[in-house]
Amino acid sequence: RARTLRCEQLLGSGETVQRTHGACDVGARPATVERCMESDCSHIWVPLPWSACSLDCGRGSRSRVVYCEQLLGNSTLLRIADAECEAESMPARSEFCNALDCAAFWREDAEFRECSRSCGTGEQFRDVVCRQLQASGSEVTIAAAMCPA
């Protein structure tokens, strides 16, 4: 609570005259503010900043620390057991992030097949496919024209 104070002087006639605050005895001045409701407050969840995302694209994840605190009557914060806070109102501790399609890339689809010659210089072939990690987190085959040359 707070209140406004005035400096007044009582004259011999019984009349009161307002004075500047400097004219009054500072030691006799009543308090203008008093504490009230000094009981402990309810418990609150305190979320810390998010960590970096685990992936630049393709649906990564990130996390953060969330803990329970209580504001005490003396205006200090006290970290308390998570069970003391309402579980239903707890902020998320993890979430998906960077849900973006990644750039296309080449991936070997099989081992090299048998050499085309039994002597001299031959060739071996294998299949490669153009793949992409999508925002959903799944890796899919896409058209070869979408991959780097």
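This is a predicted model: local features need pLDDT of at least 70, side-chain atom pairs count only at pLDDT 80 or more; totals for chains, interfaces and linings use all residues.
**Exercise 1.** Determine how far apart the closest N and O atoms of D82 and R93 are, and where the two residues lie.

*Solution.* Step 1: the closest N and O atoms of D82 and R93 are 2.7 Å apart. Step 2: a salt bridge requires a side-chain nitrogen of Lys or Arg within 4 Å of a carboxyl oxygen of Asp or Glu, so the pair qualifies. Step 3: D82 and R93 both belong to the loop between β6 (77-80) and β7 (94-97), with 11 residues separating them. Step 4: the relative accessible area of D82 is 32%, and R93 also has 32%.

**Exercise 2.** Identify the strands that the salt bridge between E139 and R107 links.

*Solution.* Step 1: the N to O distance in this salt bridge is 2.9 Å. Step 2: E139 lies in strand β10 (residues 139-141) and R107 in strand β8 (residues 105-108), 32 residues apart. Step 3: E139 is partly exposed at 30%, as is R107 at 36%.

**Exercise 3.** Locate the partners R126 and E108, and state whether each is buried, partly exposed or exposed.

*Solution.* Step 1: R126 and E108 form a salt bridge, with closest N and O atoms 3.9 Å apart. Step 2: R126 is in the loop between β8 and β9 (128-133), whereas E108 is in strand β8, 18 residues away. Step 3: R126 has 33% relative accessibility and is partly exposed; E108, at 48%, is partly exposed too.

Key: Residues are numbered from 1 along each chain as its sequence is written. Side-chain values use heavy atoms; hydrogens and water are left out. Helices (H or I, at least four residues) and strands (E, at least two) are DSSP runs, numbered from the N terminus. Buried means under 20% relative accessible area, exposed over 50%, partly exposed in between (1.4 Å probe, protein chains only).
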